[in-house]
Protein chains: 2
Amino acid sequence: MSISFAPLKNDTFLRALLRQPTEYTPLWLMRQAGRYLPEYRATRARAGSFLGLAKNPDYATEVTLQPLDRFPLDAAILFSDILTVPDAMGLGLYFADGEGPKFERPLRDEKAVLALREPDLASLQYVFDAVTQIRAELNGRVPLIGFSGSPWTLACYMVEGGGSDDFRSVKTMLYNRPDLMQHILRTNAASVAAYLNAQIDAGAQAVMIFDTWGGALADGAYQQFSLASMREVMRQLKREKDGVRIPSIVFTKGGGLWLEEIAGIGADAVGLDWTVNLASARQRVGDRVALQGNLDPVVLFADPGQIQAEVAKVLESFGKPQAGSGHVFNLGHGISQFTPPDSVAVMVEAVHRISRGLRG
Amino acid sequence: MSISFAPLKNDTFLRALLRQPTEYTPLWLMRQAGRYLPEYRATRARAGSFLGLAKNPDYATEVTLQPLDRFPLDAAILFSDILTVPDAMGLGLYFADGEGPKFERPLRDEKAVLALREPDLASLQYVFDAVTQIRAELNGRVPLIGFSGSPWTLACYMVEGGGSDDFRSVKTMLYNRPDLMQHILRTNAASVAAYLNAQIDAGAQAVMIFDTWGGALADGAYQQFSLASMREVMRQLKREKDGVRIPSIVFTKGGGLWLEEIAGIGADAVGLDWTVNLASARQRVGDRVALQGNLDPVVLFADPGQIQAEVAKVLESFGKPQAGSGHVFNLGHGISQFTPPDSVAVMVEAVHRISRGLRG
């Protein structure tokens, strides 16, 4: 069964991902629906808790659309938590007051690891309902991005039981029991692929894999564990829906050294953090993939003139898009909760104006 | 005036830094004198506090030598705090219970920045006394490394007033008031150079600059701020003492993408974290510098067989040292306080044994 949605009015973002010509450089922001917006904080207060917000399709739709009502962004991204999949696997996601996400039942021993199963997608129906509702309410304004954490990034939380400074537990398992780690990553890869495919079926027009903690791995371990499991996700991922291409983006924060390898796993675009020089990244990957990034989020705490200057540097570093190349402007990581919303307006205007000029 | 010390019995580390032939790959560990050792914790308990330990040359000497009594390491490194220099500038270093370092008087405004002066080296005499005392008590066993934080890394603490997740204050100053940031970095560079030169005069046989937070900077900002100020330190640094070369090492954690540029600022060696592939690093810098690194510190939580296998991978990745190349084995970052000391013994033995084999 296929749901019918309004035709897309602004497909600039999708064209950039597919390295087709665009009139300007499209942009969206990682975590664009979030705490830096007073209207988000108001909705969250009504929802009572973060999970109350994320698990309710009405609220998720409301906050997903909020940044688009403020700024002429070129894509929406599903509002959801990165840990919905392990939660649906039965690990018991919760948020302690003022702390990050935690799991009640982390994977602490062989028995727990071997008992791990792919989740019943029915338990994630609230996510797919949100995707469909957001896509309908977008009414074709801009494309909707679905997303998931990478198999490795999910494994970090699943084994550590929460955030970590040094990833001691999960990396010790990786070094000592690579068989157990690969079991988790295989299970996660199949789950992530099924999860993203269901988001595509529900209406997502592009998908992104966030490998937030891939950069914590040593060279060698990264390729063997995080990258290999993302390649497996890509292998199982739908590439089109009803005859329309669904572009994909992979983003390993801190993965700039592995750019060539990341560009080779079958995604249409690679996300880059702010440590990467876009000109040399473009040189390294040629026209194999589009690039997404990479303004330092802290630039948004500077004055308007400085924001415009730093936006110009990023756009000029990528250079004039040629036939076959694609650039999606973004931050190099999620927007800070302390960002003044007016700074986002300055940045969005600057990206659109300056990038049109570069094409002139 | 020059102090007379015992002749060096093991100069393997210094020869590797100068890219001279060695019989095996020398090693030491960042933070080798530290909390993972019960004897360190005992000394610290006697000293009463971390600063009580770091500011007392007797205690500093005692803990500097502790890891050498346990393991046949190839270098000692001065035990001190990374923030002694800004403390001597009058910022008021203190440690709150269970937290990291903090400053009572961080650089929060233009007035504070413009009032910043190089410290009176006399107020750092306790550091130089420790260097001389350690060097004397080493009695030529292995060389003694002096060190400092990089100008940028010191600036991070000086502006933030402590540690930070996002370096929002210091980077906002960098983007909005680059003139103020450069004033801090110029002052820090001159101070760091004078501080390292005084350590060399006091007996340090090699020096290392820790650019712990350089990797938080965006491409472009890194070169303009952190790297440029380290180049200035190198320009002002003594290269020999009493006719003996004093090799230098620079280490930007997360700086692998900028390796060629780091290798060009005049240091003898470049430290690498575990995300960097040693073989490709060696290819990128040729024989311009020696390389130091880069085992993931979490490997030391694995079983002996795994530790040995990962040590072998690092050594084999660098490959057989040829004439003109140099490798110093180290971790890719400081050793974790939770590391089992027995794991360090396994690693040290493996580095020495396997690297001899590679030369055979």
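I take a residue as buried if 20 or more other C-beta atoms lie within 10 Å of its own, exposed if 12 or fewer, and partly exposed in between, with C-beta atoms placed from the backbone. I note that this is a predicted model, in which local features need pLDDT of at least 70 and side-chain atom pairs count only at pLDDT 80 or more, while totals for chains, interfaces and linings use all residues. Residues are numbered from 1 along each chain as its sequence is written, and chains are lettered from A and ligands numbered from 1 in the order in which they are written.

**Entry on backbone angles**

I looked up B:Arg31, which is not a glycine and yet has a positive phi of about 65 degrees. I found B:Arg31 in the loop between α1 (12–17) and α2 (38–47) of chain B, where helices (H or I, at least four residues) and strands (E, at least two) are DSSP runs, numbered from the N terminus. B:Arg31 counts as partly exposed because 18 other C-beta atoms lie within 10 Å.

I then turned to A:Phe167, whose phi is near 55 degrees, again a positive value in a residue other than glycine. A:Phe167 sits in the loop between α8 (151–160) and α9 (168–176) of chain A, and it counts as buried because it has 21 C-beta neighbours inside 10 Å.

I also looked for cis peptide bonds, and one joins A:Gly293 and A:Asn294, with omega about 0 degrees. A:Asn294 lies in the loop between β10 (290–292) and α14 (304–318) of chain A. In chain B, a cis peptide bond likewise joins B:Gly293 and B:Asn294.

**Entry on A:Lys238**

I placed A:Lys238 in the loop between α11 (221–236) and β6 (240–241) of chain A, and with 16 other C-beta atoms within 10 Å it is partly exposed. Neighbours within four places in sequence aside, A:Lys238 is in contact with A:Asn197, A:Ile200 and A:Ile246, where contact asks that the C-beta atoms, placed from the backbone, lie within 7 Å. A:Asp201 is 37 residues away along the chain, and its C-alpha atom is separated from that of A:Lys238 by 9.3 Å.

**Entry on the sheet of chain B**

I followed an open sheet of seven strands in chain B, in the order β1-β4-β5-β8-β9-β10-β11, with parallel pairing; two strands pair if DSSP finds at least two bridges between them. At the edges I found β1 (76–77) and β11 (327–328) of chain B, each pairing on one side only.

Strand β4 (residues 144–149) of chain B is joined by five bridges to strand β5 (residues 206–211) of chain B, and B:Ser148 has B:Ile209 as its bridge partner in β5(B).

**Entry on the two chains**

Where do the chains touch? The contact takes 29 residues from chain A and 29 residues from chain B. On the side of chain A that touches chain B, α9(A) gives the most, with five residues. I noted that 100% of the interface residues of chain A are also interface residues in chain B, so the copies meet through the same surface.

Technical notes:
Contact = placed C-beta atoms within 7 Å.
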